[in-house]
Amino acid sequence: MPAPQGFCARARALACALPRPGQPPCPGLDEAACAALAREFALPLREAQALALECGLTPQRYLRNFQTLDPARQCRLLRASALLVGLGGLGGHVLEILARAGTGRITAADGDTFEPSNLNRQLLATARTLGQAKAEAARQRCQAVNPATELDARAQFLDEEAMTQLAQGTAVAVDALGGLDARPALARAAARAGVPLVTAAIAGLCGYVATVLPGAPGPAALMGQGDGAEDLLGSPAPSVALAATLQAAEALRILTGEPPALAGKMLLFDLRDMTFETVTL
């Protein structure tokens, strides 16, 4: 959207010089200045940040995203939408990374609550959140991490119809489900919505990440239904965090307009011997 009249002039009046390691300072805006602009011009915070970038000013919280993300791609991310299904081990880490990076809108869903067995690996599970709905814990965490990210957190298990509806208009769907039963439905929903699906699973110290383009085959079609292998082999924190990090990195590529690196592929890892392998689906 075009900047409101007077926005750039006001933003420049609030700007300060942001130090950068090994580089000259750049003009930017601290958190208070971004919030002030959003209030003054009646804008969502994410849009005020995007417009500031278009005015040549860097929101301070995204300074370390550069040079990985240039201003145009950071703007695109701030205006992008993602669907995240599952807010447990994978989903909590994915949400954290997407919000910190500056994803503008995330719709997330999980009907579960936290229990003590989640504490070994789930970022949102703490002694304080035990018994709390995962969706509510996600909402609180996202607000604390990046208030510019608009999170629609739903405390519900989605059926295929709801998945399809929520995937409409997003740039990517992220499969952070446990087990196998709901994964085929999410793959079909993403395909019907015409969006790529970034999926992952772990079992013990092994795991995979893959990107399924609409209409293409994916891991869910190969693995049947029932309990996941993690129920037998365990879900240690390193493999969960790694799989989620790889998922988030792939989702961010898509959200910022890059082609997915894992389209039609599956990246397999085994932390027992630190091996990584990519295979074609």
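**View 1. Glu47 is buried, its relative accessible area being 5%.** Buried here stands for under 20% relative accessible area and exposed for over 50%, with partly exposed in between (1.4 Å probe, protein chains only). The model is predicted, so that local features need pLDDT of at least 70 and side-chain atom pairs count only at pLDDT 80 or more, whereas totals for chains, interfaces and linings use all residues. Residues are numbered from 1 along each chain as its sequence is written, and side-chain values use heavy atoms, with hydrogens and water left out. The side chain of Glu47 meets that of Arg79 in a salt bridge at 2.7 Å, N to O. Because Arg79 lies in the loop between helix 4 (71–78) and strand 4 (81–85) while Glu47 belongs to helix 3, this pair ties together parts that are 32 residues apart in sequence. Arg79, at 24% relative accessibility, counts as partly exposed. A salt bridge is counted when a side-chain nitrogen of Lys or Arg is within 4 Å of a carboxyl oxygen of Asp or Glu, and helices (H or I, at least four residues) and strands (E, at least two) are DSSP runs numbered from the N terminus.

**View 2. Arg46 and Glu150 form a salt bridge through their side chains, at 2.9 Å from N to O.** Since Arg46 sits in helix 3 (residues 45–54) and Glu150 in strand 6 (residues 150–154), the pair ties together parts that are 104 residues apart in sequence. Arg46 is buried at a relative accessible area of 11%, whereas Glu150, at 33%, is partly exposed.

**View 3. Arg141 and Glu96 meet in a salt bridge between their side chains, at 2.7 Å from N to O.** Arg141 is part of helix 6 (residues 134–145) and Glu96 of helix 5 (residues 89–101), so this contact ties together parts that are 45 residues apart in sequence. Arg141 is partly exposed at 33% relative accessibility, while Glu96 is buried, with a relative accessible area of 10%.

**View 4. Arg73, Glu250, Arg253 and Glu258 are joined in a network of salt bridges.** By the rule given above, the count of salt bridges comes to 17.

**View 5. Three strands form an open sheet in the order 1-2-3, with mixed pairing.** Its edge strands, each pairing on one side only, are strand 1 (16–20) and strand 3 (58–59). Two strands are taken to pair if DSSP finds at least two bridges between them. Strand 1 pairs with strand 2 (residues 23–29) in the antiparallel sense, over 4 bridges, and Leu18 stands opposite Cys26 in strand 2.
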